[in-house]
Amino acid sequence: MTQRRTTRRRILKGAMAASALAAAPAYLRYASAATPIKIGIPTVITGGYALLGSQVMRTCKLVKKMTDAKGGLLGRPVEFLFQDTQGDPAICVRKCQELVERDDCHILTGVIVSSEAAAMLPKLEPWNAVFLSHGNGDGRLTAELFVPRFFRANTSAPMGARALALYLQDTPQKKFIAIASDAAWGRSSNAAFEEQIKRVGKNLVDKIYAPVANKDYSPYITKILQSGAEGCYVALQGDEARAFYSQAQQYKLTQRVQFYTEIVAQADIKVLGKDAIGLMGSSRYPITYDIPENKAFVDAFRAEYKNEIPDWTDGEMYQALMILFAAIEKAGSDEPMKIVAAMEDLEVTSVKGPIKMRKCDHQGENQGFVVKVGVDKRFPEPVGEIVKVYPRELITPDCRKATYST
């Protein structure tokens with residue numbers, strides 16, 4: 001009987017203690033448990049976009065090291081949980097579900113493919129999750145597909161096309177052709193470029209869509225050569241872009257047509273080598289942007305990864321995390337809906353300058369950059385040198401639209 005009463009008394013005391021802890025303010029619970037802030041990274045580890053996924057992961061690892069060295073976030077360590085989506089929307093949704101249900105992780109970022117992001121949007125509410133895009137370009141994500149738990153920190157496809165079209169209005173070329181991946185981002189890019197290039201009085205003679213994961217670009221290169229176009233807009237990434245540029249070299253396409261790419265990527269510059277010099281395009285992240293925030297990031301990156309320099313995915317991933325961390329600090333919590341409230345109209349100065357997370361559609365207002373690849377003695381390989389910077393108010397689309405009224 002005594003043993004039974006003692007056991008019961010202990011159980012009651014334990015239950016009371018647990019109830020008191022549950023009722024305590026969040027910051028007290030976290031401080032006592034020192035539980036990590038979990039951030040899910042459902043990204044492409046294997047497949048055609050694996051290089052982009054590897055860039056996401058290396059930047060996350062760098063940010064963790066930098067953040068934990070400063071005492072963490074809200075006094076807690078940061079933990080990144082990586083999952084391989086293979087670039088497949090169905091696999092992406094399944095991996096996210098595992099992060100939520102198995103790992104109790106309700107903050108998601110690092111998604112590579114726009115179709116993956118679109119598949120996640122209807123699930124965010126039942127998952128009680130918040131999703132911050134670092135690089136998804138499809139304009140619809142903050143337009144007709146808008147949901148309150150999704151934010152986009154990065155430059156979208158319409159924004160990249162807008163910056164480039166504004167620049168091209170003063171160039172001598174009159175006739176353009178566009179080639180893109182036959183995926184959500186590629187179609188959004190081509191549509192935005194067509195709208196913008198016609199607005200500045202230029203002629204788009206054709207739009208080409210290559211199948212996802214395409215390897216043979218010779219029929220499309222022949223079509224470009226026969227089109228009579230003076231400029232070629234390119235919206236390809238990952239293995240697709242490297243295959244296209246490599247084959248374009250063989251056909252000496254760069255000597256006959258000026259390339260203008262929607263994303264100037266360091267990985268593509270490496271493929272082109274010296275032939276990359278003179279390549280122009282919009283830049284999601286210009287490594288040469290001379291502001292203290294970017295210099296600090298580049299220095300930290302190069303100290304961590306010898307003989308490497310950050311690509312656009314690294315810069316956009318870093319910026320997204322800085323915005324996310326600022327929202328968590330403002331909220332004083334890692335609870336998803338508190339992060340949502342804190343992120344609306346949040347302003348942060350990061351590696352690309354001042355960013356505002358617009359409340360009306362959760363699109364990050366980014367400046368527009370146009371770059372030209374050249375030699376910079378500070379770096380071991382050619383890089384994009386900034387030739388024009390456009391204000392964020394001119395580059396960001398109308399609210400909940402992928403288009404511009406002016």
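**Figure 1. Helix H4 and the elements that cover its buried residues.** In this predicted model, the cover over the buried residues of H4 includes strand S1 (37–43), strand S2 (78–84) and strand S3 (107–109), together with helix H5 (114–120) and helix H6 (124–127). The residues of H4 that are buried are Ile 91, Cys 92, Val 93, Lys 95, Cys 96, Leu 99 and Val 100. An α-helix has 3.6 residues a turn, so residues three or four places apart point the same way. H4 itself runs over residues 89–101, and the distance from its first C-alpha to its last is 18 Å for 13 residues, close to the 18 Å expected at 1.5 Å a residue.

**Figure 2. The largest nonpolar core, with Ile 39 among its members.** This core holds 74 residues, of which Ile 39, Phe 193, Leu 324, Phe 325 and Met 343 touch the most other members. Helix H13 gives the largest share of the core, ten residues. Leaving aside residues up to four places away in sequence, Ile 39 is in contact with Val 78, Glu 79, Phe 80, Leu 81, Cys 105, Ile 107, Thr 109, Leu 324 and Phe 325. Another core, of 27 residues, lies apart from the one shown, and its members include Ala 243, Ala 248, Phe 259 and Ala 276.

**Figure 3. The second largest pocket and its lining.** The volume of this pocket is about 230 Å³, and its lining is formed by Val 63, Met 66, Thr 67, Lys 70, Gly 72, Leu 73, Tyr 318, Met 322, Phe 325, Ala 326 and Glu 329. At least two lining residues come from each of helix H3 (50–69) and helix H13 (312–331), and H13 accounts for the largest share, with five residues. By class, the lining of this pocket comprises seven nonpolar, two polar and two charged residues.

Figure 4. Rolling a probe the size of a water molecule over the atoms shows where empty space is left. The count of cavities of 30 Å³ or more comes to three. The largest cavity, with a volume of about 210 Å³, is lined by 17 residues, and of these Tyr 49, Ile 112, Val 113, Trp 185 and Gln 237 lie nearest its centre. Its lining has nine nonpolar, seven polar and one charged residues. For the second largest cavity the volume is about 90 Å³, and the lining residues are Val 264, Gln 266, Ile 269, Ser 283, Tyr 285, Pro 286, Ile 287, Pro 310, Asp 311, Trp 312, Val 371 and Gly 384. These divide into eight nonpolar, three polar and one charged.

Figure 5. Arg 58 is a residue of helix H3, and because its relative accessible area is 17%, it counts as buried, the cut-off being under 20%. Apart from residues up to four places away in sequence, Arg 58 touches Phe 301, Tyr 305, Glu 308, Ile 309, Pro 310, Asp 311 and Asp 314.

Figure 6. Although Gln 86 is not a glycine, it has a positive phi of about 60°, and its place is in the loop between S2 and H4. Gln 86 is partly exposed, with a relative accessible area of 46%. Ala 213, likewise not a glycine, has a positive phi of about 65°, and this residue is found in the loop between strand S7 (203–210) and helix H9 (218–226).

Methods: Residues are numbered from 1 along each chain as its sequence is written. This is a predicted model: local features need pLDDT of at least 70, side-chain atom pairs count only at pLDDT 80 or more; totals for chains, interfaces and linings use all residues. Side-chain values use heavy atoms; hydrogens and water are left out. On a 1 Å grid over the protein atoms alone, a cavity is a set of points where a 1.4 Å probe fits but cannot get out, and a pocket is an open set with protein on both sides within 12 Å along at least five of seven lines; lining residues have an atom within 4 Å of a point. Grid points are joined across faces, edges and corners, and a volume is the space filled by probe spheres set on the points. Helices (H or I, at least four residues) and strands (E, at least two) are DSSP runs, numbered from the N terminus. Ala, Val, Leu, Ile, Met, Phe, Trp, Tyr, Cys and Pro count as nonpolar, Asp, Glu, Lys and Arg as charged, and the others, Gly among them, as polar. A nonpolar core is a set of buried Ala, Val, Leu, Ile, Met, Phe, Trp, Tyr and Cys residues joined through side-chain atoms within 4.5 Å. Buried means under 20% relative accessible area, exposed over 50%, partly exposed in between (1.4 Å probe, protein chains only). Contact means heavy atoms within 4.5 Å. The expected span of a helix is 1.5 Å times one less than its number of residues.
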